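Subject: Handover of a structure and findings

Dear colleague,

Please find below the structure that I am passing on to you.

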Amino acid sequence: MAEPVIADTKPVVMELEAGDYFWCTCGQSSNQPFCNGAHAGTEFTPMKFTLEEKKQVALCACKYTGNAPFCDGSHTKL
(Lines give C-alpha, C1' and ligand atoms only; values in the text may rest on other atoms or scores of the structure.)
Protein backbone atom coordinates (compact mmCIF):
# COMPACT_ATOMS: atom_id res chain seq x y z
CA MET A 1 0.00 0.00 0.00
CA ALA A 2 1.22 3.49 -0.85
CA GLU A 3 2.01 5.93 1.91
CA PRO A 4 0.14 9.25 2.02
CA VAL A 5 1.95 12.56 1.71
CA ILE A 6 2.17 14.38 5.03
CA ALA A 7 0.35 17.63 4.23
CA ASP A 8 1.18 19.20 7.61
CA THR A 9 2.40 18.17 11.05
CA LYS A 10 -0.46 19.80 12.91
CA PRO A 11 -4.23 19.47 12.59
CA VAL A 12 -6.44 21.88 10.68
CA VAL A 13 -8.79 23.39 13.26
CA MET A 14 -11.93 24.97 11.87
CA GLU A 15 -15.63 25.44 12.44
CA LEU A 16 -17.78 23.57 9.93
CA GLU A 17 -21.47 23.75 9.19
CA ALA A 18 -23.63 20.64 9.32
CA GLY A 19 -23.29 18.65 6.11
CA ASP A 20 -21.20 16.21 4.11
CA TYR A 21 -17.46 16.67 3.58
CA PHE A 22 -14.73 14.71 1.78
CA TRP A 23 -11.44 14.48 3.67
CA CYS A 24 -8.25 14.07 1.62
CA THR A 25 -6.56 10.73 2.39
CA CYS A 26 -3.62 11.02 -0.04
CA GLY A 27 -2.18 14.30 1.25
CA GLN A 28 -1.78 15.73 -2.25
CA SER A 29 -4.83 18.01 -2.35
CA SER A 30 -4.12 21.73 -2.66
CA ASN A 31 -7.37 22.24 -0.71
CA GLN A 32 -6.25 20.57 2.54
CA PRO A 33 -7.79 19.00 4.52
CA PHE A 34 -10.43 18.44 1.85
CA CYS A 35 -10.19 16.44 -1.38
CA ASN A 36 -9.70 18.20 -4.71
CA GLY A 37 -9.26 15.07 -6.84
CA ALA A 38 -5.44 15.03 -6.69
CA HIS A 39 -5.62 11.32 -5.80
CA ALA A 40 -6.67 10.43 -9.37
CA GLY A 41 -4.56 7.56 -10.64
CA THR A 42 -3.57 6.43 -7.13
CA GLU A 43 -5.04 3.83 -4.79
CA PHE A 44 -6.35 6.58 -2.49
CA THR A 45 -9.98 7.67 -2.28
CA PRO A 46 -11.41 10.54 -0.25
CA MET A 47 -13.20 9.78 3.01
CA LYS A 48 -16.74 11.11 3.29
CA PHE A 49 -17.82 12.31 6.72
CA THR A 50 -21.00 13.97 7.92
CA LEU A 51 -21.55 16.52 10.66
CA GLU A 52 -25.05 16.61 12.08
CA GLU A 53 -24.58 20.09 13.52
CA LYS A 54 -22.22 23.05 13.26
CA LYS A 55 -19.10 22.37 15.32
CA GLN A 56 -15.41 23.05 15.70
CA VAL A 57 -13.24 20.16 14.49
CA ALA A 58 -9.54 19.32 14.33
CA LEU A 59 -9.01 17.50 11.03
CA CYS A 60 -5.88 15.41 10.55
CA ALA A 61 -3.35 16.80 8.09
CA CYS A 62 -0.56 14.25 8.62
CA LYS A 63 -2.86 11.47 7.28
CA TYR A 64 -1.71 8.96 9.95
CA THR A 65 -4.54 9.39 12.45
CA GLY A 66 -6.25 6.34 13.87
CA ASN A 67 -9.48 8.33 14.13
CA ALA A 68 -9.90 9.61 10.56
CA PRO A 69 -10.71 12.27 9.60
CA PHE A 70 -10.09 13.71 13.05
CA CYS A 71 -6.69 14.34 14.62
CA ASP A 72 -5.62 11.87 17.31
CA GLY A 73 -2.14 13.33 17.90
CA SER A 74 -0.35 10.88 15.58
CA HIS A 75 1.57 13.82 14.06
CA THR A 76 3.61 14.07 17.27
CA LYS A 77 5.16 10.66 16.52
CA LEU A 78 6.26 11.41 12.95
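The notes below go from the overall fold to a group of aromatic rings and then to one leucine.

Please bear in mind that this is a predicted model.

Overall fold

The protein chain contains four strands and zero helices, and its pattern along the sequence is β-β-β-β. Its radius of gyration is 12 Å, close to the 12 Å given by the globule rule for 78 residues, so the chain is as compact as a globular protein of that length. Along the principal axes, the C-alpha atoms occupy a box of roughly 35 × 30 × 20 Å. Of the 78 residues, 33% count as buried. The accessible surface amounts to about 4,600 Å², and carbon and sulfur atoms contribute 50% of it.

As for contacts with a sequence separation of 6 or more, 55% are between residues 24 or more positions apart. The side chains include 6 positive and 9 negative ones, with the centres of the two sets 3 Å apart.

Aromatic rings

The whole structure holds three aromatic pairs. In one of them, the ring centres of Y21 and F49 are 5.5 Å apart and the planes meet at 25°; because planes under 30 degrees apart count as stacked, this pair is stacked. Y21 belongs to strand β2 (residues 19-23) and F49 to strand β3 (residues 47-51), so the pair ties together parts 28 residues apart in sequence. Y21 is buried at 17% relative accessibility, and F49 is buried at 7%.

F49 also pairs with F70, in an edge-to-face arrangement with 5.9 Å between centres and 75° between planes. This pair links distant parts of the chain, since F49 is in strand β3 while F70 is in the segment after β4 (55-59), 21 residues apart. F70 counts as partly exposed, with a relative accessibility of 25%. Through ring pairs, Y21, F34, F49 and F70 are linked into a cluster.

The surroundings of L16

L16 is located in strand β1 (residues 12-16) and is buried, with 7% relative accessibility. Which residues does L16 contact, leaving aside its neighbours within four places in sequence? They are Y21, F34, F49, L51, E53, K54, K55, V57 and L59. For E53, the C-alpha to C-alpha distance from L16 is 8.4 Å, at 37 residues apart in sequence.

Yours sincerely

Definitions and conventions:
Residues numbered from 1 in each chain as written. Predicted model: local features only at pLDDT ≥ 70, side-chain atom pairs only at ≥ 80, totals over all residues. Heavy atoms only, no water. Helix = DSSP H or I, 4+ residues; strand = E, 2+ residues; numbered from the N terminus. Rg over C-alpha atoms; globule rule 2.2 N^0.38 Å. Buried < 20%, exposed > 50% of the residue type's maximum accessible area, 1.4 Å probe, protein only. Contact = heavy atoms within 4.5 Å. Areas by Shrake-Rupley, 256 points an atom, 1.4 Å probe, with all protein chains shown as cover. Lys, Arg positive; Asp, Glu negative; His and termini not counted. Charge placed at Lys NZ, Arg CZ, Asp CG, Glu CD. Phe/Tyr/Trp six-rings, centres within 6.5 Å; stacked < 30°, edge-to-face > 60°.
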